[in-house]
Every structure is written in structure tokens, then in C-alpha cells.
Amino acid sequence: MDTIRLPRSLFFLSIFYGGMVCIAGVLGNKQVALGPISQIGNWVGVGPLAVEAGIFAFLLLVSVSSAVAELHGPDTARRLVVVGFVPLIVSVLLSVLVLALPASPSMAPDRLNAFALMMGGTPRIWLGGIIAYGISQILNVTIFSALKSGGGKLLWLRAAVASVLSQIADTLIFVSIAFYGVFPIGELLVGQMLSKVVLSIVLVPALIYLFVAIGRSLDRRRALN
């Protein structure tokens with residue numbers, strides 16, 4: 001019987017991708033200042049820029065899906081994004097279950113309250129995160145691959161453009177679903193978009209080069225074995 005040999009690069013990047021999908025929501029509980037970059041917000045009247053820490057996991061997701069598209073084609077990258085719904089949805093459902101289970105009487109109240117504060121979320125926030133993940137990640141892969149098929153050979157430029165546009169879409173979708181009607185979202189949208197655009201330009205091209213290099217190295221080692 002013939003066996004299917006999964007490329008080492010795809011195996012490694014898929015495992016890494018699944019981990020980032022699960023941890024992004026947890027990291028999002030902390031707001032992070034952007035140092036000198038924060039002052040950009042003052043220039044447009046929205047105050048110092050800050051971003052939820054989950055953006056770093058999401059930028060890694062963008063980088064990994066783009067690296068998979070570069071190494072194995074856009075169809076494989078889109079399948080990776082779709083499969084990513086599994087750990088994302090399971091982690092949400094598991095969080096809901098654990099929050100509903102009674103705590104041990106020996107658990108300190110401050111720890112219990114801190115856990116509930118970190119892991120709790122409204123259905124709108126969870127729904128917004130799931131929808132924004134799927135649309136923004138598919139959009140990223142589509143734009144990244146379309147720029148290549150259109151003759152764009154500059155990996156760093158394709159990476160930056162695709163990441164910026166997908167992160168703008170991610171912010172619009174998530175903030176609108178999660179918070180529209182709860183409070184005015186104009187400044188939040190502008191601030192989050194600026195933050196994510198800056199981070200996408202600064203971080204994503206280098207990360208994609210790194211993941212592509214790791215992937216090619218892993219595949220070369222398998223070819224030599």
C-alpha cells in the first residue's frame with residue numbers, strides 16, 4: 001500500500017499554526033503599548049496606540065499561512081486555514097465548559113475571579129473572533145498568492161500588502177461584531193487598524209522569510225535522507 005508522505009515543512013508549520021490559533025485568544029486579554037510607535041496615534045487624534053497582545057499570535061498565523069502558500073500553493077494554505085477552525089472552535093467550547101464547571105472549594109477566590117475574567121467572553125466576542133479569523137486569513141492567502149501569480153516576485157512586498165489588507169479586514173469585522181452598539185467604536189477601529197498596519201509592515205515580511213527558510217531547510221533534509 002502506498003503511503004502519503006507529508007512534507008516536513010507542512011507538518012511543522014501546521015502544528016505551529018494550530019498552537020497559535022489556540023493561544024491568540026488568551027493573549028488578547030492584555031493590552032500592550034507600542035513604545036515610540038504609540039505616538040502615531042496622537043498625530044491622528046486617537047491617543048497613544050495600544051493593541052491586544054493576541055495580535056502577535058495572529059501575525060504569526062498570517063506569516064505561517066503565507067509561508068505555506070509560498071511553499072505548497074494557495075490551495076494547501078486555504079485548507080490549513082479551514083482546518084484551523086477546529087482547534088479554534090474546540091478551544092472556545094472547552095473554555096465555556098470549564099467556566100461552567102463548579103470550582104474546587106479549595107481554590108482561592110482571587111485566582112477564581114482572575115481566571116473567570118481572563119477566560120470569560122460574550123458570545124459576540126467569540127463569534128466576532130471566529131468570523132474575523134476565517135475571513136482575514138483566507139483574504140491574506142488569496143492576496144499574497146494573487147500578487148505572485150500576477151508577476152510579483154518580491155516576497156517582502158507581497159507579505160506586507162497581504163498582511164496589511166487582511167488585518168484591516170480583521171479589525172473591521174471583529175470590532176463591529178463584538179462591540180457595535182455597545183459603545184462608540186470609531187476611535188477603537190482607527191487605533192487598532194493603525195497598530196496592526198504598523199506591526200504588519202514591521203514584523204510580517206521578516207517572519208515569512210524566516211518560516212519559508214525553515215520550511216525549505218526541513219524539506220531539503222528529507223530529500224537527502
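**Reading the labels**

Analyst: Happy to! This is a predicted model, with an average pLDDT of 84 over the protein and 92% of the residues scoring at least 70.

User: Which helix has the lowest confidence, and which the highest?

Analyst: Helix H2 (residues 40–43) is lowest, with a mean of 71, while H4 is highest, at 94.

User: Why are H4 and H5 called roughly parallel?

Analyst: Helix H4 (residues 74–83) packs against helix H5 (residues 85–100) at an angle of about 10°, and their axes are 4 Å apart. Angles under 35 degrees count as roughly parallel, and H4 and H5 are therefore described that way.

User: What makes up the contact of H4 with H5, by class?

Analyst: On the H4 side are Val81, Val82 and Val83, which meet Phe85, Val86 and Pro87 of H5. By class, that gives six nonpolar residues, no polar ones and no charged ones. Val and Phe count as nonpolar, and Pro does too.

User: Where is Gly84, and is it buried or exposed?

Analyst: Gly84 lies in the loop between H4 and H5. Its relative accessible area is 3%, and buried means under 20%, so Gly84 is buried. Beyond its neighbours within four places in sequence, Gly84 is in contact with Tyr17, Val21 and Tyr133. The C-alpha atoms of Gly84 and Gly19 are separated by 9.5 Å, with the two residues 65 apart along the chain.

User: Why does Ser65 count as buried?

Analyst: Ser65 belongs to helix H3 (residues 54–72). Its relative accessibility is 0%, and the cut-off for buried is under 20%, so Ser65 counts as buried. Not counting residues up to four places away in sequence, Ser65 touches Tyr17, Ala77, Val81, Gln137, Asn140 and Val141.

User: And what makes Ser145 buried at 13% relative accessibility?

Analyst: The reasoning uses that cut-off again: buried means under 20%, so Ser145, at 13%, counts as buried. Ser145 sits in helix H7 (residues 123–149). Setting aside neighbours within four places in sequence, Ser145 is in contact with Ala69 and Pro74.

User: How do you know that the span of H8 is close to the one expected?

Analyst: Helix H8 (residues 155–179) has 25 residues. From its first C-alpha to its last, H8 reaches 35 Å, close to the 36 Å expected at 1.5 Å a residue.

User: What follows H8?

Analyst: Gly181 follows H8, and its phi is positive, near 90°.

How values were computed: Residues are numbered from 1 along each chain as its sequence is written. This is a predicted model: local features need pLDDT of at least 70, side-chain atom pairs count only at pLDDT 80 or more; totals for chains, interfaces and linings use all residues. Side-chain values use heavy atoms; hydrogens and water are left out. Axes are lines fitted to C-alpha atoms, for helices over the stretch in contact, and angles run from 0 to 180 degrees between N-to-C directions. Helices (H or I, at least four residues) and strands (E, at least two) are DSSP runs, numbered from the N terminus. Angles under 35 degrees count as roughly parallel, over 145 as roughly antiparallel, 65 to 115 as roughly perpendicular and the rest as oblique. Contact means heavy atoms within 4.5 Å. Buried means under 20% relative accessible area, exposed over 50%, partly exposed in between (1.4 Å probe, protein chains only). pLDDT is the predictor's confidence in each residue, from 0 to 100. The expected span of a helix is 1.5 Å times one less than its number of residues.
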